[in-house]
Amino acid sequence: MTDQNIRTRFAPSPTGYMHIGNLRTALYAYLYAKAQHGTFILRIEDTDRTRYVADAVDFINRTLKLAEIVPDESPDLGGPYAPYVQSERMDIYKKYAEKLVELGHAYYCFCDPDEDHSQGKFGGYDRTCRDLPQDVIDAHLKNGDPYVIRQKMPLTGETTYFDVLHGNISIPNEELEDQVLLKRDGMPTYNFANVIDDHLMHVTHIIRGSEFITSTPKHVLLYQGYGWELPTFIHLAPVMGKNADGSTSKLSKRHGATSFDDLVKAGYLPQAIVNYVALLGWNPKDTNQEIFSMQELIEHFSLEGLSKSPAVFDYDKLGWVNGEYLKAMDAAEFADKARTFAGDLPDYLEAHWTELAALLQTRISRMGEIPEQIQFLINCPDFDADLYVNKRNKVTPEKAKDLLPAVIELLENIPESEWQNDNLYAKLEAHIEATGVKKGLMMWVVRIAAAGQKVTPGGATEIMTLLGKENSLARLKKSLAKLAEL
RNA sequence: GGCGCCAUCGUCAAGUGGUUAAGACACCGCCCUUUCACGGCGGGUUCAUGGGUUCGAAUCCCAUUGGCGUCACCA
């Protein structure tokens, strides 16, 4: 029922940034391996010295850990095919590159990359080095001249491979250039190291982005050149972002927070991000469920559920998923976590934080909204009398002016020690009954006068509870004074 | 531009020749309500276009259009 030998890998280059598209690729590779009781490998592809970023490997480790994507083999963990960092495997690539030359599928090229060459089809180089006599090659090598090793592509015919999502894909061989395998600095290129490592590490399923669809024939030719068995290819559709004009393009920084890190900082829970991202381009075949724990994702995951068309990243839906996680959180846990996003608070709010957090818990879709949500409790907004207008409850500024004095008097008689929500509510309710005013009208007036803002987390009495007696009355009086000017 | 991939509501999507074309987000309306939110109920000309194949097409084929990718000593 399960194949113990399934092995997938995530092979990022260390850029210090975990794009949401890469995270999704890692997730799917992980989910597939785990769903099949297989092995998930983390391999670092750091063959570009010019793009190396310090601490980037730590960053990747931390990110994967936060996302609960845990490798079975990695640079830190080691494993049967260590090392798992490409820059530590240079001798391996050199050996295999030379072997491919021997096999007749690659050749030495001594062209200078900075020099202009006769323009062949492929721009900066031509294929003349293919035909270099052996004695010329030997002389260059003996002389210690710099060189690269290029793959020798077939000039005719086409190369076909099978992709789980797309079926057979064929590319005419004449479209394939004699790509560099081993660079001048001795480092392998992605297209080479990737194939060597995937084979050596016994990767069975290559799950990666669709940008590699066109270069896969080159990889296939490499496997065939060595006489190696082909892995199974799965090319994922890209994650898109929505542009201001409504069009879409591959998700990038201009679409806002698009790295896992950015999203966490914006107040989305790691599990919620993973949950949402899992659904971007995949959906379970056996359920309409939308909220999944990592364990549930593993249980439901199958390659058949992968989508081959691009998916647009939707912050609204992410917000909904995150909101579901937020609401499901233990109240105390939410309060703690939310507190770290709230910033500096005045004493009265600090004292009422548990209540405030409870009000926020069902109202926000991400923690980053908290400061703006509670700002009105710290500084009363300077508001206009129009704010009192509410059609449904038939509220007008005039009515507010009529009702407020009695409320203020009532509240002034409530001792500080009895200034709690239930009591305030009870007192106001009694007052409402005594005066015969509609509850909605009265509460609206009080809430606006105290909050100075149309939409608030919590109703009139809840806000006054948070503000405290002194503060509430000060606000009410000030509001009344403003109304008196009318 | 060559080559390649893709195409179901605004978005994520189910669907694999015969369905009233699911579900979710968003949106709109109603209910609930001390505002908002939560929750409940309800709503919407969705199969890019044009040709085929077929008794029958969102499903198969071709073309067109559009989107995306790729064409580095980056990955």
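In the predicted model, helix α3 (residues 90-102) packs against helix α5 (residues 190-200) at an angle of about 100°, and the two axes lie 10 Å apart. Because angles of 65 to 115 degrees count as roughly perpendicular, α3 and α5 are assigned to that class. On the α3 side, the contact is formed by I92, Y93, Y96 and A97, while α5 contributes F192, A193, I196, D197 and L200. By residue class, this contact comprises eight nonpolar residues and one charged residue, with no polar residue taking part.

An open sheet is built from three strands in the order β3-β4-β7, with antiparallel pairing. The edge positions are taken by β3 (106-109) and β7 (180-182); each has a single partner strand, so one side of each remains without a neighbour in the sheet. From one strand to the next, the twist averages 40°. Between β3 and strand β4 (residues 148-151), the antiparallel pairing is made through four bridges. Within this pairing, A106 has Q151 of β4 as its bridge partner.

Cysteine residues were examined next. Zero disulfides are found in a search of the whole structure. C111 accordingly takes part in no disulfide, and the nearest cysteine sulfur, belonging to C109, lies 3.6 Å away. This separation can be set against the criterion applied, under which a disulfide requires a pair of cysteine sulfur atoms within 2.5 Å. The relative accessibility of C111 is 17%, so this residue counts as buried. For C380, by contrast, the relative accessibility is 33%, and the residue is therefore classed as partly exposed. The two assignments follow from a limit of 20% relative accessible area, under which a residue is termed buried.

A further buried position occurs in a loop. S302 is located between α9 (294-300) and β12 (311-312), in the loop that separates these two elements. With a relative accessible area of 19%, S302 is classed as buried. When neighbours within four places in sequence are set aside, the contacts of S302 are with W282 and K285.

Methods:
Residues numbered from 1 in each chain as written. Chains lettered and ligands numbered in written order. Predicted model: local features only at pLDDT ≥ 70, side-chain atom pairs only at ≥ 80, totals over all residues. Heavy atoms only, no water. Axes fitted to C-alpha atoms, helices over the stretch in contact; angles between N-to-C directions. Parallel < 35°, antiparallel > 145°, perpendicular 65-115°, else oblique. Contact = heavy atoms within 4.5 Å. Nonpolar A, V, L, I, M, F, W, Y, C, P; charged D, E, K, R; others polar. Pairing = 2+ DSSP bridges. Buried < 20%, exposed > 50% of the residue type's maximum accessible area, 1.4 Å probe, protein only.
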